[in-house]
Structure formats: C-alpha cells, structure tokens
Amino acid sequence: MPAHSKAGGRGARWILSAPLIIFAAVFVVVPVYQGVQTSFYNLTLQQPIAAFNGLANYAELFTSPGFLHAARFTVLFALAVTTLETVFGFGLALLLNRAFPGKKVLFTMLLVPIMIAPALLGVMFRLVLNSDIGLVPALLDKVGLHIFLFSPNAIVPLLVLLDVLQWTPFTFLVMYAGLQSFPTDVLEAAQIDGADRRRTLMSVVLPIMKPVIFAAVFLRLIDAIRTFDVVYVLTAGGPGTRTTTLSIFIYKTAFESGDFGLAAAASTVILVVLLPIVPFLVRRITREEP
Amino acid sequence: MRMRARALVAAALGSALALSGCAPGTGGSSGSAGSGKGTVQMVLWPGPEGDAMSKVVAKYNAGQGKKDGVKVDMTLLSRQDTFSKEATLMASRSSNEDIYFVASYNVGQFAASLDPLTSIDASNYFPVAVNGLKYQGKQYALPLDVSNHFTLYRKDLIDKLLHDAAQRAAYEKIARKVIGQARAPKPVDDWDWNDFKATAAYFSKSTNPTSPTRYGTILQAKNLLYNTMIWNDVLWGMGGSWTKNGKADLTSPAAQQAIKLYADVYKNHWTSPDSSQAEFPETQAALKSGNTAFAVQWSAGFAELNDKSKSPGVAGKMAIGAVPGHKTHVHALAVALNKYSKNKAAANKFLTYLSKPQAMSIYAQAGGIPAMPQVLQDKASLNPAFPMIAKSIQQYGYAEPVFPKTFDAYSKLAEDLSGAWVGTSAPGSAAKTANDDLQSLLQ
C-alpha cells in the first residue's frame, strides 16, 4: 500500500473516532480526573473553599468502620449475586437454546426486568412486597405463609433475590448469544464419540463458552459492586448499616455529610480496585475466543 | 528499566503538582447586590410546597414584581434530589440560583453558602420555626412551610375502648402486664409514651388475640434521617434531648428509655416486623389497610387518610391528636439567599414580599401550610387541620439544635439507632455509638 494511502487511512480512523474520543474526554476523563483530584482536598459544604490535604481522606477512609463494613458487604453481595446470576443465566440459556412453542413470549418476558430503570424497580418492589397492601405478601398469606420480607433477618436474602431477578436476564442474554454462535460440528463430534449430555456440557460446551461466561461474570461483578438504586430505595442501607453498599456510603458521605473530599476518595478506591479487571477481562475474552 | 522508573517518578510528580495546583474551587467571588431588578432564579421541590409557591410566584410576577422590576423564575427539582443538587451547586460556588430551598435540618450545613437575612421582619412566624433557621445567632432563611407530627388514630376503635367496660377491663390488664402499672385507657390527647405502649399492645393480636386490628401501631424504623425526627419526639417527650450543656446526651436515662420503647414495641410485634423498613408511605399504607390502629405520623398524612377516594376503608374513621408526651419536632421548609448570587438586591425584594402575611395567605390558599400562626387561624375554613397545627406547634413544638452538621447528625443517628430499634443491635451500645458520633459532629 502506498505511504500516502496508509496515512490517509490513519487520518480517516482519527476523524471517525473523534466524536467518541471527544465524548469520552468530556464525560469520562474530565469528571474522573476532577473526582480523583477532589479526593486529595478537604472540600465540604461547611468549607466550600477547598484545601489540599494530601492523603488525609484516604487515611480517614481506611480507618472508618462504616467504609470497611460497606466494602465487606458490597464484596459479599456482589459475589453472591454474580454467582447466582451466572448459574441461572447459563441454565436459562441452555433451556432456551432450542425450539419450543411459546419461546418468543418467554424470551420477551425474561428480558422485561432489565428494561425497567433500577430505581423504578425499587419503588415497584416496595409496593408489591408491602405487607399491608402488597400483592406478594397477600398471596403468601393465602397459602398460609406469613413471611415478613422486610424484617431484619429476611432483608439481605430479599435484596439478593431481587438483584438476581433483575439481572439474571442480562447474564442469560450474553450466554444465549454465545450459545447461538456455538460451533455445531464440535457437538456432533462429541455425539459421535459417545459423550453423554453431562460429559458434553462439562468437556465441550463449558470450555468453549469460557470467554463468554467470563465476560458475563466480570461485567456483572463490576456492576454489582456499584449497586445503589434498589437497595437505597428499599432499605437506605439499614437496619443500622446492615445493607449499606459502597455506593450508598459514598452518596451519604457526599450529600448527607456534605464531605465531597472523602466521598471522592471512596469513589477513587472503587475505581482503582475495578480498573485492573478490565484489561484482564479483555485478555480472557480475546485469548480464548472459540 | 531506569528510563521507565524516571518516567514513573516524573509522572507521579506531575500528577501531584497538578492535583495540588488546580484545586477543585479554591477561590471565587462572594456574589453581588446587582441592580435590584431583573430575573431572580429560585429552586424549590415539587409537591404541595412547590405547587403552592408557584401560585405565589405567579401573583408576585403579575403584581408587586412589576412595581419592583423583578421577575421570579422558579425551578422545581426532583423531591428526592433537591438538596443533593443544591449541595453540588454550593460546593462549586455557583451563582446560577439566587434563592435556595433549605430546611431547619440542613440550614447549618448550608450556612457557609448562604447570606444571613438581616432586613426581613420575622415577627409573624412561629418562633420555633424562626429559631430553627438561625445559625450562630443569625437568621439564614425565611420559613415557608411547617412540618410537625401528630398521632393519627382510628377514632371508632379508641372511642369504643374508652366507653366499653369490658374493653376497659381488658386494657387495664394488658397495661399492668406491659408497663407494670394498672392504667385506664385515656383520650389520645392525654397520652404519655406509656399510654402509647399499652394501647399498642392492646390493639395487637400478638398480645390481645381479640384485637380488631393486627397491629397497634407502626414504627417508622427505617434507617432514614426523617425517622430520627419522629424518634426524637419520644426522646423529648421523656424529658431528654440531643445535648445537655452543649455536649451530646444520648446515653441519658431518657435516651435509653426512648430506644427501649421502640425495641419493646418491635420485639413484641405491636408493629409489623416489616416496619424495620417503614417510613411515611408505609405508615400511610398500614393505616389505610385497617391493619393498624394508630401511628405517629407527619401532619401531611391526615388529609389523605380521610379522603374517601384514596382511603375508602378508613376515611371518616380517622382522627388527629397530639403526639404522646406532648412534644413534637417542628421543622420549617424555607428559602434562603445564595451567598454567590449576582442579583441579591432583587432576590431580597422577593424575600421581603414572601415575609408578608398576604403572600403567605396566597400560599395557604394554594395548599401550603405556612409558618405563620395567624394565617393558619384565619384560613381554618380552607383546612380544618390548620388550627390544630397552629395550636400543636405553639404548645408542643421543639426544634433540634442547629449546628453545621445537623443534617449529618440526623442521618448518623438513624444509622446508629435503627438497628437497636428493631433488635439487631443492643440498645446500650447503640446509644453509646450514637452519643460518640453526635459528640464528634458537634465539635
């Protein structure tokens, strides 16, 4: 290829990418930079004139029982929901990876939860599960089950259940797409070799689907660590701090305590923890592509 | 390798320089008086207050505003996020808005971004509403709307209890068991917190299987700063307070009793186990459904419960009474002048107009609850609850101390105490944690 045409190709690439680069710079890079910058300042509503305080916000954060508790709860919650959503999503994808009557209707119904805004879903759950006027407790009452879904002992399992209901459709969709592009000749070869269903699943389907499963797991994990809307609407982090996630901790620190420096430091910590996952995820997906 | 290390050190130094050099807002002007004319930008939240205020603004723009040369442009933000968005504007020392919407519980936190109101007559307001908006002796906001608490109760059930001999006898027996003393049922207006407890037990199936309701009451026990305000009624009603001689006082006997009252009601199922996540809407639902006999609730809840279209099961049976212990938290929703406004003189003209009973009469007519006792009395025909609100605030109203971190204190106390209210943490240790947190916020 002549040199001038190579240079022209590079130029076109930059021109075509420019809108995305500008968008990312304005809406991602600048806010992230300002957020990280704020984390090194004492900036509160009581003292809106910022003063540089080095690592003081980070020191305060890592000795704060509230932050450490929120981090512990968030990690456990994220691991629990990601595991369940991966298993159920994969199971559903296997179930729907064949033709049967009513498949389209079922498919559409399965996707409804991810089409609803999480905050709205939280409000809906709050109404539907209300023990005085909610449909679910009324139905459970009718069959003799008196369960108080918002009581302290039930609240964490309830939040896990609601997250699974809301986000399993996402993992299902990713894995269903993976199964749709699955090489059928490999399955036929396994069949000819006499592999039963279990053996085919464990030794053929799962290894080939690994990059897709990784993608679903990591995308969900990153999102679950940022969980805010439904939990905030339903519990606001309580009772006590039992269900306080890192995002709720950050929201309350910024907008109830008015401490923007500390909230920015907590956000930066999450960013630093989550950022290395992205190249790892990209590497796994690109290296093991079927 | 060496080059890489150098590059890393250079990058670190560069970042440090950039981070310390370009602070997120280290300066900025403190606004100006402006010409005294032009458009005044104001923020409010939607709902009854925003609706009522829009009528006042329209009236002003069509009349007095023309004489003043001022036009008010009101923006309604979302009810959930108004204060968060204002906080963000304040942190960036924005001059976009001239008048902010604030409340007694956050005026101390916002004071650094507000100008004190020095030339406005506050004599027509409830003193408790005005005092709740003072910080370090200065008036930072003009009261607009008042909120306080009442006991909302099923009049049919309480009347029957008061007049039926068999029910009275059963009540006395239950009272002896739950509060340790024989006690006859009383009208709601005469209750102390022991009457509240005994009546909650009486109307709960867990203690009284013949109760007409499933639960006596509903506690608003969610980890929410507004729920701290309701619990404060118990604390104040038992003779306690947040502070004593300027120091946190949440380990006092009154505070311990107040926590224990919630914990007892919750443990004995005199409130729904789900009330650990209850706030205003859940309380309304519990009363509407007929499952619950009474609750301490915000004044705004009463009208809906007596509206046949909204509460067909209980409308006409609900009544309103004083909070047990005769102490009600009062907070004012208010308007304040942005310190960084570029049009303070014009904004002050509108604030002066708002401080007049005529403006607040328009506000009351449009559905608001103005913080002026005389206007509430005069407008009794508009809302029968107005005189009760006026009487209750004048006789039983109190305001929590105002300090820079009051808003944070409400939130922290909800976080520290809500576990103890519903039995997930020990009352003693919760009180100590709350006391330590409050003390550090006071400093």
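Guide: In chain B, confidence is lowest in helix H1 (residues 2-21), with a mean of 45, and highest in H9(B), with 98. The score is pLDDT, the predictor's confidence in each residue on a scale from 0 to 100. Helices (H or I, at least four residues) and strands (E, at least two) are DSSP runs numbered from the N terminus. The model is predicted: local features need pLDDT of at least 70 and side-chain atom pairs count only at pLDDT 80 or more, while totals for chains, interfaces and linings use all residues. Residues are numbered from 1 along each chain as its sequence is written, and chains are lettered from A and ligands numbered from 1 in the order in which they are written.

Over residues 7-23 of chain B the pLDDT is below 50. Beyond near neighbours in sequence, that stretch has six contacts in the model, a contact being two residues whose C-beta atoms, placed from the backbone, lie within 7 Å. Where pLDDT is low, the predicted coordinates should not be read in detail. For chain B overall, the mean pLDDT is 91, and 93% of the residues reach 70 or more. The predictor gives the complex an ipTM of 0.84 and a pTM of 0.86.

Four residues of H8(B) are buried: B:Tyr171, B:Ile174, B:Ala175 and B:Val178. A residue is buried if 20 or more other C-beta atoms lie within 10 Å of its own, exposed if 12 or fewer, and partly exposed in between, with C-beta atoms placed from the backbone. Viewed down the axis of H8(B), the buried residues fall within an arc of 110°, so they line one face of the helix. The arc is that of the directions from the helix axis to the C-beta atoms. An α-helix has 3.6 residues a turn, so residues three or four places apart point the same way.

The cover over the buried residues of H8(B) includes helix H7 (155-163) and helix H9 (193-202) of chain B. On the other side of H8(B), B:Ala165, B:Ala166, B:Ala169 and B:Lys177 are exposed. After the helix comes B:Gly180, with a positive phi near 80°.

Now the surroundings. Chain B holds 19 helices and 13 strands, and 52% of its 443 residues count as buried. Its C-alpha trace spans about 80 × 70 × 40 Å along the principal axes. A compact globule of 443 residues would have a radius of gyration near 22 Å, and the 25 Å of chain B agrees with this; the radius is taken over C-alpha atoms, and the globule rule is 2.2 Å times the number of residues to the power 0.38. Among contacts in chain B between residues at least 6 apart in sequence, 73% join residues at least 24 apart.

A backbone exception in chain B is B:Asn245, which has a positive phi of about 50° although it is not a glycine. B:Asn245 is in the loop between strand E8 (243-244) and strand E9 (247-248) of chain B. With 5 other C-beta atoms within 10 Å, B:Asn245 is exposed. Most residues other than glycine have a negative phi, and most peptide bonds are trans.

Chain A is the partner. Its secondary structure comes to 13 helices and two strands, and 35% of its 290 residues count as buried. The contact between the chains takes 37 residues from chain A and 40 residues from chain B. On the chain A side, helix H1 (3-38), helix H10 (229-235) and helix H11 (246-255) each supply at least two residues, and the largest share, three residues, comes from H1(A).

The loop between H10 and H11 of chain A contains A:Ala236 and A:Pro239. A:Ala236 has a positive phi of about 55° although it is not a glycine, and with 24 C-beta neighbours inside 10 Å this alanine counts as buried. The peptide bond from A:Gly238 to A:Pro239 is cis, with omega near 0°.
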